[in-house]
Each structure stands twice: as structure tokens, then as C-alpha cells.
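Subject: Structure handover and notes

Hello,

The structure is below for your files. My notes on the fold come after it.

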Amino acid sequence: MPAHSPPSSPLAGSFFIGLMSGTSLDGVDGVLAAFNDDPENKPAETLAHAHIPFTGAMRAELMALQAPGHNELDREARVANSLAGCYASCVRQLLSQSGAAPQSVRAVGVHGQTIRHRPELGYTRQANNPALLAELCGIDIIADFRSRDIAAGGQGAPLVPAFHHAVFGSPQECRVIANIGGIANITVLEPGAANTAGHDTGPGNVLMDLWISQQRNQAFDAGGAWAASGTVVPALLARLSGNAYFEKAPPKSTGRDLFHHEWLAAHLAAVQTSGKLRPEDIQRTLCELTAGTLASAIRRSAPDTRAVFVCGGGAFNVFLMQRIQEVLDGSGVRATVGTTEALGIEPMHVESLAFAWLARQFTQRRPGNLPAVTGARGARILGALYPA
């Protein structure tokens, strides 16, 4: 059910929709949102939320497109059409749940599905067909948010820190927003949000989901229970956490281009020469990699923070949340770890809200990136318009 119902006679174009399908490849999350520039009021509000799961076939094809393959241009175009259908279904659900009319939505911000992210080569690629989505929805579509930042010399990611800066800052305390999807990233909000930093920290759920899918045919480790049943393999953890990405200074971003099946398999092969490892011990080690690299990034970027607010699917992994807290405690960072629900936004709504906000920024001709985060030469208006 929606958190709130929109007014019975909403002003035309007063709402925005944000659609996000991330590296976890589980499906599309969408929100119908209202925004407020008045500092006395809540800056962002979710009016409805919907989730459209991917079919097994779509997930398999999107996974396959992460690497070079036969006839991939045709295959990407076809899956982009299917994605547009999923996005349109999500929009219809949001309108139905809220009772809002299509004309009450100013624009839909849609991220698309990242299949390659190579800012060092000057490009990022999100499978998407926003023209088809505009036809299916009859609403203006804003898409392709990342490429302008890359054109300006940036990483094109993460983009969510700009939204975090707008809605989560505090005048009293340093806060960290940790978004744990397939890939994890952090946003550091200094008191007053005068200075905002952020970067991708490395794997979030991507390797844990990959391993449990292979070993138990499950999409994810519910609550982290399987990881909690295992024991860390020190040699494996040392190899995984020794990747140069973790020591690289920001601005930086990453994805499945680096942290993928072959990368994990190569490290597993190197440490299994003396005996077979238990699957649950590998899962435990992958959980420790996510917790450790995230906590290390917080310690380096925000040693004085007193609060870490987690969003994304990782917020529901109880064991992972516990380990992040314990690793931070052990490193001397005196911060409590909770979720963005404490700040008034459900953890699974944050990224979709961010792309609704980015669509709003585009319509108001306001920048959507933070150059200090992405490394771009300056602030840029992000996105491209596909009119209804």
C-alpha cells in the first residue's frame, strides 16, 4: 500500500516516477514521488512503491550481456524492448496503487540496466528503450543519466550521493549513507551537508548472490543465515580483499566488469589446492569481504561519523549489518549502523527516489552530479528527454 495517497485533484505534472533496476538483477523497483524545496517540509516523499521481478530468462540474458558474446547487439536491443515492458508495468502499478492520473506525472526517470561500465574507456552502457517506454506510458521519459558525467571526464557513478545530499544531510552530525545493492557505495555528508563525498566501495550483494545461486539455487541469502553458518577462510579473504580497486583513491566506481564469476572462480581455484572448501565458508568469506571493504571505506573517508544509514537490499541482510557494525567498532569508528528508515525513507525506495529526483533536476535544468564524487570537470545537467 502507498505511504500516502496523492491529492484527489493533483496539479498537472506535480509528481515524478523513478525506476531502477540494479546490479542485483532481481527486477525493477519504482516509486511515485513528490518533492518539496521548502526546508520546513519533508524534501522527498514516496506516494507509492512497486516491484516487477525479472523472469529467469530475462535475468539470464542480462547476466550474459555483462560479457562479450555472439550477436550481442541484437540481443541487447531485444532485451531492451523487454525491459521497457517491465518498466511500463511498474508505472501502471504505481498509478493504479496511488489513484494518480498519468497527466499528474511530470516525468519518469529511468536508469536502465547497466551491462557495461567502463569510464576509463569513456563509456557506460545501460540497456534501455526510453522511446518505447514513452509510447507505452504516455509520459515524458528522462533516461541516460550517466553518459554526460562521463563525457565531462567523470566516472558516471555513483550518482545517488547528489540525492543523498539533498534529502539526508544534518546540520549537527556527520552521516554516512551506505547503499548496498549488487555494488556498494557510500556518501559522506558532513554537518550542514556543505561538503559531500562518495564512491563505490566494491562488492555489495553481487558475489554473495552469485555464490548462493550456484550452490543452492536461491536468489539471495535471506537474512545472511547461510553466511552466518560458515567460517571465514583467511586465505581467500586475503586474496579477494587484495584487489587494487580497494586501495585506489576516489573518485572511483565499479561493477560486474570487475567483480564477476570468473574473478571469484580464479581466487577460489588458487586457495582450494590444499583441500575442498565448504560452500558456507565461502559465503561467509564473501559476506566478510563486503562488510570489511565497506567499513574500511567509511574509516578512511569519515572516521568521525557517528551514524551509518544503510539502504538497498543489503539493509535486510541481518548478519551483514551485524558484521558492518562489528568491523566498524573494531576499527575505532564510533558509529551506529541502522537503515534509512530512521530518516523517513524505506531502504528499498532510496535508489528509485534518486532517479525520480534526477528526472526533476533535469526538468528544472539543474545539475544532477557532484563533481567531487564523480570527478567530472563540473556540474552538469544529466539525462535525455523522450517526450510523450
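The notes cover the sheet, the helices around it, some backbone details and the cysteines.

This is a predicted model, in which local features need pLDDT of at least 70, side-chain atom pairs count only at pLDDT 80 or more, and totals for chains, interfaces and linings use all residues. Residues are numbered from 1 along each chain as its sequence is written, and side-chain values use heavy atoms, with hydrogens and water left out.

Sheet

Helices (H or I, at least four residues) and strands (E, at least two) are DSSP runs, numbered from the N terminus. Two strands are called paired if DSSP finds at least two bridges between them. An open sheet of 5 strands runs in the order β10-β9-β8-β11-β12, and its pairing is mixed. Its edges are β10 and β12, each of which pairs on one side only. On average, neighbouring strands of this sheet are turned by 20° against each other, direction ignored. Axes here are lines fitted to C-alpha atoms, for helices over the stretch in contact, and angles run from 0 to 180 degrees between N-to-C directions.

Within the sheet, β8 and β9 run antiparallel and are joined by 6 bridges. R175 has L189 in β9 as its bridge partner.

Two helices lie across these strands. Helix α10 lies across β8, β9, β10 and β11, and runs at about 160° to β10.

Helix packing

Two packed helices are described by the angle between their axes and the distance between the axes. For α5 and helix α12 (residues 350-363), the axes come within 9 Å and cross at roughly 95°. The two helices, α5 and α12, are therefore roughly perpendicular to each other; angles under 35 degrees count as roughly parallel, over 145 as roughly antiparallel, 65 to 115 as roughly perpendicular and the rest as oblique. On the α5 side the contact (heavy atoms within 4.5 Å) is made by V160, A162, F163, H164, A166 and F168, and on the α12 side by V350, E351, L353, A354 and W357.

The axes of α6 and α9 come within 11 Å, with a crossing angle of roughly 75°. This pair, α6 and α9, is therefore also described as roughly perpendicular. L207, L210, W211 and Q214 of α6 meet H261, W263, L264 and L268 of α9.

Buried residues in α6 and α11

Buried means under 20% relative accessible area, exposed over 50%, and partly exposed in between (1.4 Å probe, protein chains only). In α6 the buried residues include V206, L207, M208, D209, L210, W211 and I212. Among the elements covering the buried residues of α6 are β9 (183-189), β10 (196-203), α7, α9 (261-271), α10 and α11. Just after α6, N217 has a positive phi of about 55°.

Helix α11 (residues 318-331) has 14 residues and should span 20 Å at 1.5 Å a residue; its end C-alpha atoms are 20 Å apart, which agrees. The expected span is 1.5 Å times one less than the number of residues. F319, L320, M321, R323, I324, Q325 and L328 are buried in α11. They pack against β8 (175-180), α6 (206-216), α7 (225-228), α10 (279-301), β11 (307-311) and β12 (336-339). G332 follows α11 and has a positive phi near 90°.

Backbone details

A cis peptide bond joins A157 and P158, with omega about -15°. P158 sits in the loop between α4 (147-151) and α5. The bond from P250 to P251 is cis as well, with omega near 5°, and P251 is in the loop between α8 (234-241) and α9.

L25 is not a glycine, yet its phi is positive, near 60°. L25 lies in the loop between β1 (15-20) and β2 (27-35) and counts as buried at 1% relative accessibility. R365, also not a glycine, has a positive phi of about 55°; its place is in the loop between α12 and α13 (371-374).

Cysteines

With a disulfide taken as a pair of cysteine sulfur atoms within 2.5 Å, the count is 0 disulfides. The closest cysteine sulfur to that of C86 is in C90, at 9.2 Å, too far for a bond. C86 is buried, at 13% relative accessibility. For C287 the closest cysteine sulfur is in C311, 17 Å away, again too far for a bond. C287 is buried too, with a relative accessible area of 0%.

Regards
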